[in-house]
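Thanks for coming. I will go through one structure today, starting with a pair of helices and then turning to the chains. Please have a look at it first.

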Amino acid sequence: MSIFDFEDYKINRRTLLKTSAAVGASTLLYPAMSAFAKSDDPIKIGQIDPQTGTYAALGGNQIAGARLAVDQINAKGGVMGRPLQLLVEDSAANVGQSVQKARKLVNRDKVHFLMGAVSSSVALAVSQAAQDMNTIYMDIGGHADAVTGDKCSWNTFRTCSTTWLLTAGDFQAIFDKYGKRWYFITPDYSFGHALHHDYLTQLKKAGGTEAGNALAPLGTTDFSSYLIKAKSANPDALIVLGAGDDMINTLKQATQFGLNKSMGVGGPMMELEVLQSLPDAARYGMWNMEWYWDQPNVPHVADFVDAYRKANGGKTPTARSWFGFASAHALALATEKAKSLDAQKVAKALEGLELPPEVALQPNKAIYRAGDHQLIGSEYPGTIKSGGKYPDLFQVTDVVDSSKIARSVEEKGCRITYPS
Amino acid sequence: MNATTIQDKTSTLGGSRAGMSSVDLPRLAAALVIWALLLSAPFWLPLVGGYTVLGTRVLIFALVTLGLNLLLGFTGGLSFGHAAYFGLGAYGTGLMLKFVTASTPLAILVGVLVGGLAATLLGPITVRRKGIYFAMITIAIGQMFYFIAVRWNSLTGGEDGLTGFARTNVHFGGWTLDLHNPTNFYYFTLFFFAIGCFVVWMVLRSPLGHTFVAIRENPKRLRFLGLPIGVYIWIAFAISGFVAALAGSLYALLNNFTSPEDMNWILSGDFVIICVLGGMRTFWGPLVGSVIYVVVQDYLSSITVNWMSFIGAIFVLSVLFFPWGLLGFFQGRFKK
Amino acid sequence: MSLLSLKNVTRRFGSLSALSNISMEVPQGELRAVIGPNGAGKTTLFNLISGFFPPSEGELLFDGQSVKGVPPEKLVHRGMIRTFQITEIFLDLSVYENLEIAVETAHGLNLRPWLSPARRRQVRAHIDELMQTLHLEDLAYRMAGELAHGDQRVVEIAIALAREPRLLLLDEPTAGMGDEETDRMTDLIRHLHQERGITMLFIEHDMSIIFNVADRITVLDNGHLLAEGTPAEISANADVQAAYLGAAR
Amino acid sequence: MELLLFNIFNGLIIGIFYALMALGLSLILGLNGIINFSHGGFLALGGYIAYSLSPVIGFWGALIVSPFIVGLLGLVVERILIRPLYSRDPLFSLLLTFGLAMIMEDLIRTFWGANGLPFNVPAALSHPLSQTYFFVTGYRVFLVVLALLAIGSLFALLRYTRIGVRIRAGNADLETVSALGINIYRLRAINFGVGILFAGLAGVLAAGRLGLTPTMGASLIMPSFVAIIVGGVGSLLGSLLGGIIIGVAAGIVTTYYPAASDVVIYVIMAVVLVVRPRGLLGQEGLLE
């Protein structure tokens, strides 16, 4: 065993560097390239995702998924006979930098589409900037309802779920299994508040009660004081609404305090990346996933998983990988359908676009809803396999058809108007 | 040499390390070239692979570091927390536009006042200590604002940042300046950059500026000329705070957004290294440093995920080999 | 009336008495030297007069008012200014700039972010006048740090003079100087005294200067006032010879 | 009662971390005269190296070996990068270590990946010690005891060994120490190494508590600065005290008003600065 354990990272990094070097070269050569014939001109997607900072792992997977999609599309002859090119920029999960990168991609690199984001704040800000620049923006992984809700716009689409879908995905399962008194640990920002609000609405409707709600600042490392309060409230279920490191730290400390022995633990959003970072003892509970790699009865999924592993040094695709994959495909399909790169025409083509099975990779239909531009697909509630080995860490108990649980466009408060 | 010759030469105390006279053709020529380049930037930037917004960003960073350099390079006050005043300017402007007014100039005014007054009020606490201690206190006070911005969700939007405002067009009588246009906003920013340059330039050639430089050079001597040193460091702190707030305000308008990251100590560190890169004791150092830093960062982060290592290496190497910055380096050359 | 007067001043550090029961009067316009063997308390006396620390006992009057416990930066405003044993000037600035700062400070302009042309001319005239007085014209645009030691001391005195002090305290003005520089400094001190009538108090080791220029001499020994008088009186004083010269041998 | 006890205990744990960091920083600040921004990077490195070592030599082995590896690395860094800066303006060492911190974070991400990693502590330590006071887990008690032991031995080292006495003397008056013919460079190098060793130890302990992320050091360094300012620059005891005070304060505030848990330490600092500018145990005029 070597001291430096970089089995996961080595190949991935090399490919990243290689591609990024290619992107660098192409931007340098850009003025020269524009002299080529129109048909050789690549169609460009600019992807803004975090490669450094807290969300680097999630962002990296979204990029890897998108890369795979672009490679597949180019192998089949590109889009409208033109090659598809992916230009990746690091957002460092910093909104200011993301907006700046968006403008750079559109103004200088002349990309035709923008996509990306892990955090909702980046998604909202880039959405607004893209609207300014009359450019389509595909939110890959920022979950806040508002992106396709009251702050929706004609140019913005989203592949990942809304907070409502996340909570509705496994609400019934948790309620049935653990009971009706819930205690929440909520990260103190809009994403957390939204999840809490959505769960609470459903909980009250189903006749449950809230045993308490601890608001923890985002980025909290020590959750012990919140867990103490949760313990003394003695609920049926402890609902963890955080994401990423917040979730990891909460679960780890809950385990140390033995909370999982006296109450059920669960939440709306589990990610393979998070599961990977958890020690064995902290892997438990009922959760919702937005996509899972192990779907033996769904066609094309195994092919996708194989292809992804081959391109990424054996790493298994996560929901984030699929978001990136589906987003890039969706943009390509819509362009092909619109037979144009005009933003409004492509937007119209994306409205109601159904992802083909080899892209959707799920048992239900996956459609970008015309009214709010939200992808309506599936949710995957399930339980964590205790003692499981990577990547086999999650047992999907049910695949929920999102169209059955989604709120209507009117409820979400979205009204899309195109500029004349 | 007689008295008349002395009178011919105006002092440019602190204007350069060499302390040469200012009726100095090379320097005048350099200033003219710089202004010509800045004024024509939107036209030549795309030709060299840049874009207008990048130019605006350079100007904003140059503005904040121009102010910071007054404290850092000329007064010798090692502030590592200027991002706080930059960020306060940004939030002040953003909140004004979001909740109070649709007037961009008014929002800028409020942003400048918020950030500048915060620096003015906190100055007395910081200037009680000097050297490394001063640096630590300025960092810590800066972080206090950062955490307030992160935690005061209902007002600032917390970690998500402040959205939902946008710069509006400016009206002068019957004439309207369309600020949505990036090129127009570049010139709008350049206008404020010019004001900042003028203020700093004027201060530097005034007795006030001379006093700042004297504090850097020998605070003890100055004290025994009867000056309360702390008051002057405070003044430098306050002026640089106002300039930083102005830059922050423009930054909020550039992005139509602001977030706690705009107040973080990492950004303060970036500001300091920009001053050092360009040349701490030179007037144009901050602009040169900003050009290098912003362009290199923009370029590197596009071509490698390891851009942080490269930026870090810039810090390390510039400290080891170019402590007086690019301009300092060249001026040193010419002097010899 | 005396410009500076000390009445029974004692200064203790812990149990050690650095100065014991010193009384002295320096009248307006006098050039007074303070001498004494090493450890006699000369520098302590200077630091005490210039406000570094207050006397433990006794009274300190400047221009008839008590200045006991007044800090140095305030004393400057009353017209008392000092130089240091180790030259304190702005080494990285030119001589002109050194004086510019001094003059602007003297005129109380430090807070001004701009100057009217008239004011500017006034400042420049003052700088020129200082440079002429001290013969610094040729060095105006040299960096102070590059100057010879003797020139640096002249610059320091120029900085002090800019304030037009009523009492100038010089701490070993010729320390570390060669003969030629020493002569120049001696001339300068005499000139300032005779032409400008500045009251001066200076510590010096070089007896030739002292006996050359001083009006009166105060001799300290072991923290005590040993003698005070004109150069002639002091050179004839048996106590001084015994203590001072004895100690020097 | 339970809640109060918990707050004190929890605050103590947080404070111990701040103090471990602050002590190392304070040592380096005092004798080497630099603010070491890369301290957080060394902390993270300590955790990551322990993570990679523990499959080979176990948790206990890694706990001991990793801080020393990091300390040695500190010596190398001191020799190559820090030493040329001693006679220069403090600004430069500040910037250099700032850049170094960025490089370290990036290298850690490159080698070990951006995703957080779990660091398993021995099962014997990972259970609550009592049913009523379930928050008193074995690891937390172990952590406090070990940290206190380390701090205790540091103070013993400084008081009773020759090198320690020299470090303290150098802290107070470097010129005199060098006049005594002591090799200042070696003294500073050792001092830097010891400071970094403490960062490494804190890193291993933090990894066991919270797991590993490339940015883990960054969140600890700022409270450590505050601990030093509150405790007083130049006083190691002050740094220890400052760390524990702000730790306990943060712990208590988290319980009653979580949103202010970060801000409270800066408020404490501001109050201390206004009331007593040199800090609780600081000396006048040091490092100015």
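How are H13(B) and H14(B) oriented to each other, roughly parallel or roughly antiparallel? Before I answer, some housekeeping. This is a predicted model, in which local features need pLDDT of at least 70 and side-chain atom pairs count only at pLDDT 80 or more, while totals for chains, interfaces and linings use all residues. Residues are numbered from 1 along each chain as its sequence is written, and chains are lettered from A and ligands numbered from 1 in the order in which they are written.

Now the helices. Two packed helices are described by the angle between their axes and the distance between the axes. Helix H13 of chain B covers residues 285-303 and helix H14 of chain B covers residues 307-321; they pack at about 150°, with axes 8 Å apart. Helices here are DSSP runs of H or I, at least four residues, numbered from the N terminus. Axes are lines fitted to C-alpha atoms over the stretch in contact, and angles run from 0 to 180 degrees between N-to-C directions. H13(B) and H14(B) are therefore roughly antiparallel, a term for angles over 145 degrees, where under 35 would be roughly parallel.

B:Gln297, B:Leu300 and B:Ser301 of H13(B) meet B:Trp307, B:Phe310 and B:Ile311 of H14(B). Contact means C-beta atoms, placed from the backbone, within 7 Å. By class, this contact has 4 nonpolar, 2 polar and no charged residues. Nonpolar is Ala, Val, Leu, Ile, Met, Phe, Trp, Tyr, Cys and Pro; charged is Asp, Glu, Lys and Arg; the others, Gly among them, are polar.

Which chains does chain C not touch? No contact joins chains A and C, whose closest C-alpha atoms lie 35 Å apart. Chains C and D do not touch either, and their nearest C-alpha atoms are 15 Å apart.

Terms used: Helix = DSSP H or I, 4+ residues; strand = E, 2+ residues; numbered from the N terminus. Parallel < 35°, antiparallel > 145°, perpendicular 65-115°, else oblique. Contact = placed C-beta atoms within 7 Å.
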